[in-house]
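Please look over the sequence and the model, then read the points below.

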Amino acid sequence: YLNRLTPLFTIQNISQNCPNEVIKSSFLSSLETLKNDKVPNVRMNVANACKDLLVQLKISTENDKSVS
């Protein structure tokens, strides 16, 4: 189960410095795979990672609009 949590924590940390395209193309597919994990703690961390990614995508989108 730790082998599945480590990528989740990595995704949460790396996504703060990644463009939206990388988040959408690379990270979301990994989260999609892990969302049905048999371990509840993994599923909970997937939900937390999704929340963080959505916030990051929203912030990036808002910053892109304000720059235009």
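Asp52 has a relative accessibility of 31% and counts as partly exposed (buried means under 20% relative accessible area, exposed over 50%, partly exposed in between, with a 1.4 Å probe and protein chains only). This is a predicted model, in which local features need pLDDT of at least 70 and side-chain atom pairs count only at pLDDT 80 or more, while totals for chains, interfaces and linings use all residues. Residues are numbered from 1 along each chain as its sequence is written, and side-chain values use heavy atoms, with hydrogens and water left out.

**Salt bridges**

- Side chains of opposite charge can pair when their charged atoms come close.
- The model has 3 salt bridges, a salt bridge being a side-chain nitrogen of Lys or Arg within 4 Å of a carboxyl oxygen of Asp or Glu.
- Asp52 pairs with Lys51, and their closest N and O atoms are 3.8 Å apart.
- Lys35 and Glu32 form a salt bridge with an N to O distance of 3.1 Å.
- Lys35 is partly exposed at 40% relative accessibility, and Glu32 is partly exposed at 47%.
- Asp37 forms a salt bridge with Arg4, with 2.5 Å between the closest N and O atoms.
- Asp37 lies in the loop between α2 (20-34) and α3 (40-67) and Arg4 in helix α1 (residues 2-14), so this pair ties together parts that are 33 residues apart in sequence.
- Helices here are DSSP runs (H or I, at least four residues), numbered from the N terminus.
- Asp37 is buried, at 11% relative accessibility, whereas Arg4 is partly exposed, at 24%.

**Packing of α1 and α2**

- The axes of α1 and α2 are 11 Å apart, and the two helices pack at an angle of about 150°.
- Axes are lines fitted to C-alpha atoms, for helices over the stretch in contact, and angles run from 0 to 180 degrees between N-to-C directions.
- From α1, the residues Arg4, Leu8, Ile11 and Ile14 meet Phe27, Ser30, Leu31 and Leu34 of α2, where contact means heavy atoms within 4.5 Å.
- The residues of this contact divide into 6 nonpolar, 1 polar and 1 charged (Ala, Val, Leu, Ile, Met, Phe, Trp, Tyr, Cys and Pro count as nonpolar, Asp, Glu, Lys and Arg as charged, and the others, Gly among them, as polar).

**Phe9**

- Phe9 belongs to helix α1 and is partly exposed at 38% relative accessibility.
- Phe9 and Ala49 are 40 residues apart in sequence, with 7.7 Å between their C-alpha atoms.
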